[in-house]
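Here's a quick tour for anyone meeting this structure for the first time. Have a look at the model, then follow along topic by topic.

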Amino acid sequence: YALRLAQEKAAAVPGDVVLAGDTVVAAGRRILGKPGDEAEARAFLNLLSGRRHTVYTAVAVKSDRIRARVVATAVKMKRLTKAEIDGYIASGEWRGKAGGYAIQGIGGAFIPWIGGSYTAVVGLPLTETAHLLEASGVPVRFDGVAA
């Protein structure tokens with residue numbers, strides 16, 4: 001699902017080189033995107049509380065053709081208390097975040113373990129993105145200077 005969305009986004013945007021991505025969270029057979037409101041964010045956190053889930057992040061680069069990759073990362077969320085969920089909902093950090101949490105923010109305090117790519121859980125798998133850009137003819141520099 002995430003791979004298809006990333007590819008469709010890349011295809012829809014005009015330009016010589018387009019980078020697109022998408023992230024979803026899978027909890028069992030349920031796919032969690034971005035919650036639409038506080039009630040849905042609370043439901044997502046209750047579902048993920050105390051469980052392992054998988055974050056799928058896809059990245060697509062369109063140049064002469066679309067090259068894409070999906071990265072799956074296993075994530076364990078600690079059992080959340082009602083007070084933790086209430087506080088997190090009040091923070092607003094859940095807005096626009098697949099699964100209703102941000103590992104790179106205060107939501108990271110809920111995550112004792114991941115198996116895979118941290119940057120993919122954040123939303124852009126850097127190793128895979130650099131590889132796709134280079135395969136598309138876009139030079140990637142690692143010295144902090146724009147190419």
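In which helix is His131 found? His131 sits in α5, the helix that covers residues 126-135. Keep in mind that you're looking at a predicted model.

**The overall picture**

- Starting at the N terminus, the elements come in the order α-β-β-α-β-β-α-β-α-α.
- The C-alpha trace of the protein spans about 50 × 30 × 25 Å along its principal axes.
- The protein has 147 residues, and buried ones make up 40% of them.

- Along the chain, His131 and Arg67 are 64 residues apart. In space, their C-alpha atoms are 10.0 Å apart.

**The largest pocket**

- How much space lies in the largest pocket? The figure is about 330 Å³.
- The largest pocket is lined by 22 residues, and those closest to its centre are Thr23, Lys34, Gly96, Lys97 and Ala98.
- Three elements each supply at least two residues of this lining: helix α1 (2-12), strand β1 (18-27) and helix α4 (118-122).
- Strand β1 gives the most to the lining, with five residues.
- Sorted by type, the lining of the largest pocket has 12 nonpolar residues, six polar ones and four charged ones.

**Salt bridges**

- How many salt bridges does the structure hold? There are seven, and the pairs below are among them.
- Glu8 and Arg4 join their side chains in a salt bridge, at 3.3 Å from N to O. Both residues belong to helix α1, where they are four residues apart, or about one turn of the helix.
- Glu8 has a relative accessible area of 42%, so Glu8 is partly exposed. Arg4 also counts as partly exposed, at 42% relative accessibility.
- Asp64 and Arg67 make another salt bridge through their side chains, with an N to O distance of 2.9 Å.
- Asp64 counts as exposed, at 61% relative accessibility, whereas Arg67 counts as buried, at 12%.
- Glu84 and Lys78 form a salt bridge too, and their closest N and O atoms are 2.8 Å apart.
- Glu84 is partly exposed at 24% relative accessible area, and Lys78 counts as partly exposed at 29%.
- There's a network as well: Arg42, Lys82 and Asp86 are joined into one by salt bridges that share partners.

**Aromatic rings**

- How many aromatic pairs does a search of the whole structure find? The search turns up one.
- That pair is Tyr88 and Phe110, with ring centres 5.4 Å apart. Their planes sit at 65°, so the pair is edge-to-face.
- Tyr88 belongs to helix α3 (residues 82-91), while Phe110 is in the loop between α3 and β5 (113-115). The pair therefore ties together parts that are 22 residues apart in sequence.
- Are these two buried or exposed? Tyr88 counts as buried, with a relative accessibility of 2%, and Phe110 is buried too, with a relative accessible area of 7%.
- Elsewhere, a charge sits over a ring: the charged end of Arg52 is over the ring of Trp113, 4.3 Å from the ring's centre.

**A loop residue to look up**

- Where is Ser49 found? Look in the loop between α2 (38-48) and β3 (52-62).
- Ser49 is buried because its relative accessible area is 10%, and buried means under 20%.
- Ser49 and Ile85 are 36 residues apart along the chain, and 9.4 Å separates their C-alpha atoms.

How values were computed
Residues are numbered from 1 along each chain as its sequence is written. This is a predicted model: local features need pLDDT of at least 70, side-chain atom pairs count only at pLDDT 80 or more; totals for chains, interfaces and linings use all residues. Side-chain values use heavy atoms; hydrogens and water are left out. On a 1 Å grid over the protein atoms alone, a cavity is a set of points where a 1.4 Å probe fits but cannot get out, and a pocket is an open set with protein on both sides within 12 Å along at least five of seven lines; lining residues have an atom within 4 Å of a point. Grid points are joined across faces, edges and corners, and a volume is the space filled by probe spheres set on the points. Ala, Val, Leu, Ile, Met, Phe, Trp, Tyr, Cys and Pro count as nonpolar, Asp, Glu, Lys and Arg as charged, and the others, Gly among them, as polar. A salt bridge is a side-chain nitrogen of Lys or Arg within 4 Å of a carboxyl oxygen of Asp or Glu. Buried means under 20% relative accessible area, exposed over 50%, partly exposed in between (1.4 Å probe, protein chains only). Rings of Phe, Tyr and Trp (its six-membered ring) pair if their centres lie within 6.5 Å; planes under 30 degrees apart count as stacked, over 60 as edge-to-face and the rest as tilted. A charge sits over a ring if NZ of Lys or CZ of Arg is within 6 Å of the ring centre and within 35 degrees of the ring normal.
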